[in-house]
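I opened the model to look up a few points on helices, packing and overall dimensions. My entries follow in the order in which I took them.

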Amino acid sequence: MLLVQLIVSGLQTGLLYAVTAAGFAMIFGATRIFHVAHGAVFALAGYVFLSAYTAGFGWTGGALAATVIAVAFGAGMERFVYRPIQRHEASFFTVFVASFGVSIIIQSLIEMIFGRGFVTLTTPLAQARPMFGGIYIAPMFWIVLVVTLVVFAVLWAFLRFTRTGIGLRALSESPELLRAYGLSAQRLSALVFAIGSVLCVPAAILKMAITGMQPSVNSHVMLISLASTIVGGVGSITGAALGGLLLGIAENVSITLLDSQWSEAASFIVLFAFILLRPRGLFGYAVTR
Amino acid sequence: MIAYLLNLSTLIAIFAILATSLNILVGFGGIFSVAQAVFFGVGAYAAAQMALNVTPDLLVDALVGAAAAGALSVCLALPALRVRDEYFVIASLGLQMLAVTIFIDMKPLTGGIGGLVGIPVPTLFGLSLANPDAMLAACVGFLVIALALTRVLMRGSFGRSLMSIRDNESAAAALGKNPMVLKTLAVVLGCAFAGVGGALYSAQIQFVNVESFTMDQSTLIMAMVVIGGTGTLAGPLVGSILILLLPAALSFIPGIPPTEIGAVQQMIYGLVMTLLMIFRPGGLVAFQAWRR
């Protein structure tokens, strides 16, 4: 029974990881930019939501504020950090350090305003209720399930059927060909950053409501997004989502074997196992030398 | 005041060794690691255990620290270097987060959250280093050796091969260089240096706990290298001086509460790192544009 309970909570964590990682994978796949500040967007969205919520704007107001900030941050990173760097050169190192620098700025800004400790939002929705067979499930679980499934359905439909979505997929295949067809690779890059960052918003809000957040969530989300992308296979959004789900479940199920402070280690072990045994990930292409 | 300045200078020497150690990976090897504080920590814990149980001799402890950190780095390098550059960053990020848990949990070796206290005053060649002047001289000595060793190695065949791999791996491999072996050697060398830094640190502070080996510390070391200038000898030196003087400089500015200095400091070097990457990616002491 404990195992079922842990799988349920793992599913909840994993679904949140899945949307977040899908955002990172989408940005990385389309632009080849290693956007490690993705963790910072997550933290930013969570804290902005909390501020707006406690200021009395409610769930909708909070979500709206978080969305606006995430879009502005994502598009701003593309416009003011990555584009100037790519104008002179774009080595992995330069992009990584610039992005990492921004994530440090955001994390210390949050530390200054909200302190280093946990902040949380108390909602009755996060309280567990007994279900069939002695399993406890909070209403939040169903909310997480519905929200993430809706987000993925919308994302899938957008990428599959709209002209812009098809353009985005073309961007990851061949930016040159895209230009030959008269589409603007620059505009699409800005768009993919905006969309990828917005994917953090639902996950950040739900995490805030379920467990709360501390500023160092930034590096945790950074690791999870990167690890899911590797586990799922570089360049595959579906892969990253499944990777996130797998890491979330592994984190929770590991509690049956190890003490709870080791749950973070579980994601590291999964990541390392993939690097050792299947570096291309679930759906990626070969990357070994 | 003198005691404060001596302590600060000793810390600058120690962190300059750390920054130099990371520079071997990042600057010369083109391998990006965000786990340098882990190897710093392993060196510090190993040396502290040696000082507590075997001998307070600084040279012996530093070598043990270097060996421990170097050995651990092989475990990271072998799997992670098999694949693309990004993978090493991610594996090191994972290692950094995991290592903090391990440091807290392995109480017999690390003392847990409380850390290891009462590390004896170090000695060198039988002489006590209780005097802060002597400790400073010893640390500067280690720094000079580290810099000289880095210069000799990077000017020689090893360094040139390493840099050729950094600049164009396929071309270097076509010329018969083995990227895997050379990069692994660079990682082991860099991490062993970090272990030396850790040994000196534990001898200087006479106390080690997990707080010094977190992600924030790794970030700090990286900022030193990046701000100073990657792939140069003077860069990490300049970077560590600037960054360690920053908290002292900030405490003179009115209006910043002392509790916020840490966050303000982090924000400043985050900002400087990002701006440098946009406008001057080679760092402050770069005399030529980064060629890649």
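I note at the outset that this is a predicted model.

Entry on chain B. I looked up helix 1 of chain B, which covers residues 2-28. It has 27 residues, and I get 37 Å from its first C-alpha to its last, close to the 39 Å expected at 1.5 Å a residue. I then checked helix 1 of chain B for bends and found a kink of about 35°, centred on Leu22(B). After helix 1 of chain B comes Gly30(B), and I read a positive phi there, near 65°.

Entry on the core. I turned to the largest nonpolar core, which holds 203 residues. Which residues touch the most other members? I found Ala45(A) and Phe49(A). Helix 2 of chain A, residues 38-88, gives the most to this core, with 20 residues. I listed the contacts of Ala45(A), leaving out residues up to four places away in sequence: Ala66(A), Ile69(A), Ala70(A), Cys200(A), Val201(A) and Ala204(A).

Entry on chain A. I counted eleven helices and two strands in chain A. Read from the N terminus, the order is α-α-α-β-β-α-α-α-α-α-α-α-α. The radius of gyration of chain A is 19 Å, close to the 19 Å from the globule rule for 289 residues, so I put chain A down as being as compact as a globular protein of that length. Along the principal axes, I have the C-alpha trace of chain A spanning about 60 × 45 × 35 Å. I find that 52% of the 289 residues of chain A count as buried. Among contacts in chain A with a separation of 6 or more, 74% join residues 24 or more positions apart.

Note on methods
Residues numbered from 1 in each chain as written. Chains lettered and ligands numbered in written order. Predicted model: local features only at pLDDT ≥ 70, side-chain atom pairs only at ≥ 80, totals over all residues. Helix = DSSP H or I, 4+ residues; strand = E, 2+ residues; numbered from the N terminus. Expected span 1.5 Å × (residues − 1). Bend = angle between axes of the 7 residues up to and from the residue. Core = buried A, V, L, I, M, F, W, Y, C linked by C-beta atoms within 7 Å. Buried ≥ 20, exposed ≤ 12 C-beta atoms within 10 Å, placed from the backbone. Contact = placed C-beta atoms within 7 Å. Rg over C-alpha atoms; globule rule 2.2 N^0.38 Å.
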